[in-house]
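Good morning, and thank you for making time for this presentation. I shall go through one structure, beginning with a detail of its backbone and ending with its ligand.

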Amino acid sequence: MKTAEIAQRYLDYFEKNDHTIVPSASLVSPDPSILFTIAGMVPFIPYLNGTVPAPYARAADVQKCIRTNDIEEVGKTARHGTFFQMLGNWSFGDYFKQGAIEYAWELLTSPEASGGLGFDERDLWVTVYEDDDEAFGLWRGIGLPEERIQRFGAADNYWSTGQPGPAGPCSEIYFDRGPKYGRDGGPAVDDDRFTEIWNLVFMQYEITNVRSKTEFDVVGELPKKNIDTGMGLERVAFIKQGVENMYETDQVRPVLDRAVDLSGRRYGANHEDDVRFRVIADHVRSSLMLLSDGVTPSNEGRGYILRRLMRRTIRSMRLLGVDVATFPELFSASRDAMSTAYPVVTEDWDRISRSAFAEEETFLRTLASGSTILDLAVEKTKDAGGTSIAGDEAFLLHDTYGFPIDLTLEIAEEAGLSVDRAAFDTLMQEQRARAKADAKSRKRALADPGVYREFRALGETVFTGYTDLETESSVL
Ligand code: ATP
Ligand code: MG
Ligand code: MG
Ligand code: MG
């Protein structure tokens with residue numbers, strides 16, 4: 001079953017059950033407190049917390065999402081993409097727990113021939129919040145045996161925004177991939193074998209005095225209870241398509257295959273290479289979708305995330321032995337795989353490809369000039385009888401040439417040298433502190449309209465440093 005067909009079945013099912021079908025919002029979050037749309041609920045926040053009355057009582061959608069905090073998992077687990085699509089159904093004060101559970105179960109377990117997703121119910125497990133006897137009872141009522149319902153604590157199965165307002169327990173549905181993938185015993189034991197596919201959130205209470213994710217006071221039941229669900233389209237797709245992971249599904253695999261062709265290596269021959277192929281397939285698609293939503297590579301905010309995704313792709317290709325431009329091939333493969341679901345990637349191809357290809361050219365030039373400088377540093381170190389490249393050399397490469405530290409480490413290693421990492425880290429910290437202080441003084445300066453005009457005249461943008469970003473990690 002193709003990914004697009006799964007999405008269509010989902011929408012058809014909920015439309016048949018009186019849900020209004022709503023188009024996906026942009027990846028650029030409509031909520032100004034976050035950079036990207038990280039879940040299906042983001043565009044519905046005003047309806048869910050009641051600041052705007054919902055124009056419908058029931059809705060369903062396929063929402064494009066970006067989650068940068070999953071970046072370290074990409075390619076290593078079977079199930080984490082930086083870009084993915086979340087299928088969601090919503091009740092704004094209409095049906096509640098029973099409806100949400102029954103709809104989810106019926107769609108998952110109805111035979112394919114009657115429009116369902118055809119899961120064997122013996123492969124499904126669920127979790128409920130530890131105190132949620134109501135949800136437990138509803139799952140029992142549906143026929144799920146007690147052994148396949150696990151009770152989880154607030155850290156996993158309680159939803160809130162971290163602010164006073166609506167909150168409530170969730171119930172999640174997991175698919176058992178079988179003994180080949182890990183230990184038996186349900187999601188409490190092994191979350192790789194037991195893959196989470198669907199989260200049902202029951203917005204039931206109003207909470208206040210929030211001290212942490214698990215500590216807060218319940219004011220009482222909400223007068224209007226809401227349902228917010230999210231099912232990972234790529235996760236269902238990889239299970240239904242009988243492949244090993246989400247990077248091997250029809251919307252992603254063509255990019256992976258193109259990378260394999262370009263590298264002349266084989267997929268499935270070596271774990272490290274395989275992770276790289278999957279990272280490339282994921283990041284190219286995420287970049288394509290970000291570009292199609294108007295994000296452009298830059299040194300701050302969303303643009304910086306996009307830049308990092310593209311540069312990590314180039315790095316990964318390089319580690320696979322390819323140091324020439326590959327974006328024209330990789331991005332076209334992704335465009336072809338995504339254009340049925342998102343025709344805009346073809347309609348806007350000129351603009352998208354121009355931006356992507358230019359970014360690659362620039363970074364390849366950076367790598368080329370950085371490599372020359374690094375070669376000199378290697379020579380100097382060796383001539384002096386040293387074994388370690390100085391921290392300030394590594395920092396200069398990073399700071400002036402945009403040359404990533406992991407690349408410096410790798411090239412040094414190839415030359416039989418180490419890098420004074422501690423000194424490099426100290427210099428990085430000092431730079432961050434400077435950037436922060438700088439940003440603060442600029443903010444103060446911006447309060448003075450005279451100075452502000454000057455900044456605008458210079459076309460200056462305030463760069464607050466990488467520390468503000470969600471995951472800095474070792475990516476670049
Ligand atoms: P996991 O525990 O597997 O990381 P999650 O609990 O973080 O998932 P939710 O926030 O509950 O995920 O999101 C709802 C659904 O969206 C998940 O059940 C899953 O099917 C899907 N999903 C979440 N994160 C990703 C991702 N990075 N890539 C693909 N699908 C995802
Ligand atoms: Mg997660
Ligand atoms: Mg989870
Ligand atoms: Mg979850």
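Let me begin with D18, which sits in the loop that connects α1 and β1 (20-22). The model before you is a predicted one. D18 is not a glycine, yet its phi is positive, at about 65 degrees. Is D18 buried or exposed? It has 12 C-beta neighbours inside 10 Å and therefore counts as exposed, since the limit for that class is 12 or fewer.

A second residue of this kind is N209, in the loop between β8 and β9. Its phi is near 50 degrees, again a positive value in a residue other than glycine. N209 is exposed because its count is 10 other C-beta atoms within 10 Å.

While we are on loops, please look at K180, between β7 and β8. K180 has 6 C-beta neighbours inside 10 Å, so it too counts as exposed. Its C-alpha atom is separated by 8.0 Å from that of R193, which lies 13 residues away along the chain.

I turn now to the overall form. The protein contains 16 helices and eleven strands. Its C-alpha trace spans about 75 × 60 × 45 Å along the principal axes. For 476 residues, a compact globule would have a radius of gyration near 23 Å; the protein has 25 Å, which agrees with that expectation. Of the 476 residues, 41% count as buried. Among the contacts with a separation of 6 or more, 68% are between residues 24 or more positions apart.

The domain assignment gives domain 1 as residues 3-240 and domain 2 as residues 251-382. Their C-alpha centres lie 31 Å apart. The contact between them takes 16 residues from domain 1 and 19 residues from domain 2. Which elements give two or more residues to the side of domain 1 that touches domain 2? They are α1 and β2. By class, that side of domain 1 divides into eight nonpolar, six polar and two charged residues.

This brings me to the interior. As a general point, nonpolar side chains in soluble globular proteins tend to be buried together. Here the largest nonpolar core has 103 residues, and those with the most contacts inside it are A104, V255, A259, I280 and A281. Both domain 1 and domain 2 contribute at least three residues each to this core. If we leave aside residues up to four places away in sequence, A259 touches F277, I280, A281, M317 and L330. There is also a second, separate core of twelve residues, including L374, I389, A394 and F424.

A259 belongs to helix α7, residues 253-263, whose buried residues are R253, V255, L256, R258, A259, V260 and S263. Among the elements that cover these buried residues are α8 (271-292), α9 (301-319) and α10 (327-338). After α7 comes G264, with a positive phi near 70 degrees.

Just after α6, G242 takes a positive phi of about 65 degrees.

Helix α6 leads us to the ligand. The shell around ligand 1 takes at least two residues from each of β3 (83-92), β8 (194-208), β9 (217-232) and α6 (233-240). Of the elements, β8 gives the most, with four residues. In total, 17 residues surround ligand 1, and the closest are D70, F84, N199, G230 and G232. The classes in this shell are six nonpolar, five polar and six charged residues.

Thank you; I welcome your comments.

Terms used: Residues are numbered from 1 along each chain as its sequence is written. Chains are lettered from A and ligands numbered from 1 in the order in which they are written. This is a predicted model: local features need pLDDT of at least 70, side-chain atom pairs count only at pLDDT 80 or more; totals for chains, interfaces and linings use all residues. A residue is near a molecule or strand if its C-beta atom, placed from the backbone, lies within 6 Å of it. Ala, Val, Leu, Ile, Met, Phe, Trp, Tyr, Cys and Pro count as nonpolar, Asp, Glu, Lys and Arg as charged, and the others, Gly among them, as polar. Domain bounds come from an automatic or database domain assignment. Two residues are in contact if their C-beta atoms, placed from the backbone, lie within 7 Å. The radius of gyration is taken over C-alpha atoms; the globule rule is 2.2 Å times the number of residues to the power 0.38. A residue is buried if 20 or more other C-beta atoms lie within 10 Å of its own, exposed if 12 or fewer, and partly exposed in between; C-beta atoms are placed from the backbone. A nonpolar core is a set of buried Ala, Val, Leu, Ile, Met, Phe, Trp, Tyr and Cys residues joined through C-beta atoms within 7 Å.
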